[in-house]
Amino acid sequence: MNLISCSILNINFLEIKRILAKLYSHKIPLLHFDVMDGNFVDNLSFGAGVLKSIVSYKYKFVYDVHLMVSDPAKLVDDFIQAGASIITFHVESYDFDKIKIFSLIKHIKEKGIKVGLSIKPKTDISCLVDYLPYIDLVLIMSVEPGYGGQKFIESSLLKIKKLKDYIKEKNYPIYISVDGGVTSENSKAIREAGADILVSGSYLLNNIRKGSKM
Ligand code: DX5
Ligand code: ZN
């Protein structure tokens with residue numbers, strides 16, 4: 001499985017229509033939408049209204065929403081309303097409170113939307129184990145969440161492999177997505193470690209801006 005999800009965190013909104021058309025013509029299947037609240041991560045990005053306007057362009061992307069926010073439950077319905085296909089929130093949300101995390105997973109699934117859990121570089125995959133039978137995707141952060149353009153953290157490869165082996169052993173139908181610092185230099189190793197989806201922002205957008213092959 002080799003899927004690409006383009007993060008539009010660092011997009012220049014004056015060029016959005018051209019970029020979306022290019023991504024679509026290059027058959028990039030997923031659009032990765034980084035939502036930051038300035039609290040869970042230092043940075044602040046955009047809300048459901050921006051997703052709604054992008055969805056209104058009618059490109060058939062899978063809208064892959066990544067919530068880096070302290071209270072994801074507060075925002076989930078707005079993003080579902082706006083057109084999210086997948087909603088991923090952090091296992092570190094609510095200070096790892098299992099009851100709140102399980103209830104949000106249940107809520108998202110009841111709405112018929114795919115649900116993912118994301119894990120920061122320093123969090124061990126053991127924190128995910130209880131949720132794996134109930135989710136569709138794990139988003140492994142290969143940079144500290146908050147900004148695009150960072151360098152891939154090499155130790156993520158071992159984490160991806162460990163998670164892939166566990167998921168295969170349990171036969172869970174879960175996609176592994178890897179997010180942060182992904183380029184053509186490391187994409188082969190990331191896929192070989194077990195990633196199904198590669199999220200790329202700066203690398204992909206810079207190539208589109210240069211008009212070069214992706
Ligand atoms: C970081 C975001 C990532 C980031 C990816 O917190 O979750 O999606 O925008 O951008 P690059 O590919 O530039 O690291
Ligand atoms: Zn992201």
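F96 lies in the loop between β4 (86-90) and α4 (98-110). Keep in mind that this is a predicted model. The phi of F96 is near 65°, a positive value in a residue other than glycine.

K27 is another residue to look at for its backbone. K27 is not a glycine, yet it has a positive phi of about 55°. You'll find K27 in the loop between α1 and β2. With a relative accessible area of 70%, K27 is exposed, because exposed means over 50%.

Next, have a look at E15, which has its place in the loop between β1 (3-7) and α1 (16-25). E15 comes out at 13% relative accessibility, so it counts as buried, the class for values under 20%. The side chain of E15 is joined to that of R209 by a polar contact of 2.9 Å.

Now for the ligand. Ligand 1 sits in the largest pocket. The elements that give two or more residues to the shell around it are β2 (30-36), β3 (62-68) and β8 (197-200). Of these, β2 gives the most to the shell around ligand 1, with 3 residues. There are 20 residues around ligand 1, and D34, G146, D179, G201 and S202 come nearest. Sorted by class, the shell around ligand 1 has 11 polar, 7 nonpolar and 2 charged residues.

| Residue | Distance to an oxygen atom of ligand 1 |
|---|---|
| D179 (polar side-chain atom) | 2.6 Å |
| S7 (polar side-chain atom) | 3.0 Å |
| H66 (polar side-chain atom) | 3.2 Å |

How much of the accessible area that ligand 1 has on its own does the protein cover? The protein covers 99% of that area, which is 380 Å².

Back to D34, one of the residues that come nearest to ligand 1. D34 lies in strand β2. Is D34 buried or exposed? D34 is buried, because its relative accessibility of 5% is under the 20% cut-off. In sequence, D34 and I8 are 26 residues apart, while in space they are 7.4 Å apart, C-alpha to C-alpha.

Definitions and conventions. Residues numbered from 1 in each chain as written. Chains lettered and ligands numbered in written order. Predicted model: local features only at pLDDT ≥ 70, side-chain atom pairs only at ≥ 80, totals over all residues. Heavy atoms only, no water. Near = heavy atom within 4 Å. Polar contact = N/O pair within 3.5 Å; in protein donor to acceptor, adjacent residues only side chain to side chain. Areas by Shrake-Rupley, 256 points an atom, 1.4 Å probe, with all protein chains shown as cover. 1 Å grid on protein atoms, 1.4 Å probe; cavity = no way out; pocket = protein on both sides within 12 Å on 5 of 7 lines; lining within 4 Å. Sits in = over half its atoms within 2 Å of the grid points. Helix = DSSP H or I, 4+ residues; strand = E, 2+ residues; numbered from the N terminus. Nonpolar A, V, L, I, M, F, W, Y, C, P; charged D, E, K, R; others polar. Buried < 20%, exposed > 50% of the residue type's maximum accessible area, 1.4 Å probe, protein only.
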